[in-house]
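Q: Please take a close look at one part of this model, the place where two chains meet.

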Amino acid sequence: MIIVLFLQIFIGIGILRSINYETTLLKFLSLSLIVGIVTISMVPFLLELCKIAINSRNIIILSVAITALTNLLPLIRLVRNKRRYVLLKIEKFQFYELPGIGLTAYLLFISFWRSYNIPTYVRDVLSGPEPIADMAIKEQTLINSIFKLDLLSTNNQYKSPFLADLQIIYKMAGFDFGGIWIGLLAVAFTIFLYCILKEYVHGLLASLAIVLLTAAPEMYAYTFMYLFDYPNMVLWVAGVYFLYQLLLQPNKTHLILVTLSFALATYIRAETLILVVIMLGVYLILSTIKKQKIKKIILNCVLISIGSFIAYYIPTQLYNNYYLPQDYAINTLINDNLADISPFFNRLSLITNDLLLGDTAKMLWLFNIQIFLFLFAIEIVYIIITKKYKSLSWYYWFGAVLVVYLGLPFMGYLMPLMNVEHSTKRSLFKLLPLLYLFIANFEFIKVISNKLTKWETTKFDFTSLHQEAQPVVATAHKTQKTKNNTNKRKK
Amino acid sequence: MNSNTTIPSKKTNYIMVLIYSLVSIICLMIYFNIKEPAFWLGKIEGYYEQRAVQIEQNPSVEQQLQDRHGFSYHICQAVKNMIKSNKLDAPILLLEPNSYIQQHKTLQQGLPEPIVFFYFSNGVQTAWMNSPFAKKATHLLKSDNNQVYLVPIKDSTHLHQILEFYKSYPVSL
């Protein structure tokens with residue numbers, strides 16, 4: 001079964017190269033691992049949908065088949081057109097990035113160790129995915145003895161099969177507690193995000209940003225305590241990034257990447273569908289301002305929505321209603337008094353006051369929110385003074401932040417069971433990386449970044465100091481030279 | 001040409017690289033010496049030390065589960081062993097409400113919910129008092145003085161008496 005773990009990255013490489021995605025090596029490999037882990041998580045689920053026994057043999061066969069399928073097109077291109085399989089352009093790093101990268105690596109090393117060696121104690125996992133995975137290994141089906149128990153106390157058995165599937169695969173591969181996949185995902189995402197930050201800002205600023213982001217206590221804890229929210233955040237951020245790429249360069253590769261990222265995020269947490277729709281609104285507005293063809297914009301929005309809807313429908317509606325022995329009426333979760341919008345404002349107030357500002361927020365995120373607000377205040381003053389109002393990237397990332405900040409209380413208003421102190425708090429993981437991506441597109445940060453780059457590549461000219469030190473000699477020499485030239489001209 | 005003009009070059013200025021490195025180190029030192037980040041980083045360093053201890057002690061999977069889940073895991077394993085020693089065949093245990101346990105302090109901590117009980121005990125079925133599964137219960141898991149006992153449920157009248165007794169204590173996690 002350990003072979004399946006190696007296949008993960010090849011599945012990711014195959015998918016990305018099939019859609020002609022090419023970028024620098026580390027960014028490519030980290031994204032491949034992210035896509036590969038989430039794709040492989042579907043293997044037991046697909047076996048269950050086809051009513052095939054979930055055992056190591058079948059998991060290996062299906063994983064090998066998916067790897068072969070996803071790598072077929074890139075291999076054909078390699079053989080026929082001699083197109084390279086993977087771009088071997090390695091990112092450049094400088095010495096001053098080492099302190100930030102070093103500290104981040106230390107933090108991730110510890111979380112990776114804990115993801116491997118410490119059993120989970122998260123209630124949402126223990127009361128659903130973990131027992132289901134355990135029994136699935138014994139009974140070779142996800143629909144097992146767990147569903148014959150008294151399940152009055154929990155609804156976690158209806159959550160996405162993503163987590164249970166990965167636990168099945170990793171436990172079968174020999175990891176006692178199975179959770180090492182979240183450590184891998186955290187490392188891959190951190191590398192991916194760092195590479196993106198470096199596209200926007202100087203390495204010094206990017207290295208400081210990645211440390212601050214990794215050192216957000218609540219989010220850090222979920223890099224070794226596996227649950228749905230951290231992986232959901234990873235795919236959400238990837239989706240928002242690629243949506244921005246689609247805005248800048250509308251092409252099939254970016255469209256597929258957005259669709260895939262948002263669909264996988266929705267597969268992990270079904271309510272992400274709501275945020276996807278709102279985010280597409282931002283894309284629609286900015287694409288229209290950018291004067292792209294309206295038919296193309298609408299088609300892109302529809303395709304992305306369909307991808308996310310399929311990812312929502314299959315686990316949440318099809319699997320829950322037609323496979324599981326117990327019904328889960330999702331419509332009972334929806335607010336039946338939508339006319340009263342006060343819950344939206346109450347939640348917005350709670351999120352802002354309790355989760356983002358105040359003493360509890362410091363325990364959750366340290367000073368990440370305060371740093372953002374401070375830099376945002378400077379940015380507002382800067383753009384008022386310099387009148388730099390027209391940056392597309394600024395409005396896009398501002399929109400992305402607003403989508404999460406306003407989208408979460410909206411989701412809570414639609415589904416009142418989504419409590420603030422647990423579900424909403426963890427959903428805020430989606431906000432933190434976007435804050436830094438927004439900061440990276442601040443006008444004054446761009447100026448600082450450019451200055452840092454310029455100073456780094458500026459050679460100091462010391463010859464002028466040498467001339468000023470000996471003015472008498474130089475002047476005398478100059479005078480003599482001028483006399484000689486004058487004499488020559490006279491002749 | 002003005003002799004004071006600096007000549008731009010694409011070659012790296014290593015003095016600036018060194019200055020940037022020092023700036024990075026200073027910024028990180030300032031941040032992680034503030035009260036809250038320092039406290040948090042200290043906690044992470046504690047995890048690193050735990051790792052060293054764990055490598056040295058090399059605990060078994062069972063021991064790690066015990067250390068991690070504490071009382072809940074211990075009580076579930078104890079019940080599993082009781083069932084095994086009493087040679088009971090697939091019993092369904094009725095769990096006392098945690099509100100009763102907390103009020104009367106019969107145990108140091110409440111009991112885990114049925115699905116978690118099943119997971120920790122490798123297959124012991126339990127039911128909450130207000131669940132439809134309560135009708136199928138064969139034993140009551142009674143707690144007293146930080147110990148648990150299996151009380152056989154004789155018949156439906158006995159079950160009804162038990163449910164009536166605990167009716168005023170709401171079930172909770």
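How many residue pairs are in polar contact between chain A and chain B?

A: This is a predicted model, in which local features need pLDDT of at least 70 and side-chain atom pairs count only at pLDDT 80 or more, while totals for chains, interfaces and linings use all residues. Residues are numbered from 1 along each chain as its sequence is written, chains are lettered from A and ligands numbered from 1 in the order in which they are written, and side-chain values use heavy atoms, with hydrogens and water left out.

Between chain A and chain B there are 13 residue pairs in polar contact, both residues at pLDDT 80 or more; such a contact is a pair of N or O atoms within 3.5 Å, where within protein one must be able to donate a hydrogen and the other to accept it, and residues adjacent in sequence count only if both atoms are side-chain atoms. On the side of chain A that touches chain B, 34 residues are nonpolar, 18 polar and 14 charged (Ala, Val, Leu, Ile, Met, Phe, Trp, Tyr, Cys and Pro count as nonpolar, Asp, Glu, Lys and Arg as charged, the others, Gly among them, as polar).

The two chains also share two salt bridges, a salt bridge being a side-chain nitrogen of Lys or Arg within 4 Å of a carboxyl oxygen of Asp or Glu. Lys362(A) forms a salt bridge with Glu36(B), with the closest N and O atoms 3.7 Å apart.

Chain A brings 66 residues to the contact and chain B 54, contact meaning heavy atoms within 4.5 Å. In chain A, Trp113(A), Leu149(A) and Asp150(A) lose the most area to chain B, together 11% of what that side buries.

Key. Buried area = accessible area lost by both parts, 1.4 Å probe.
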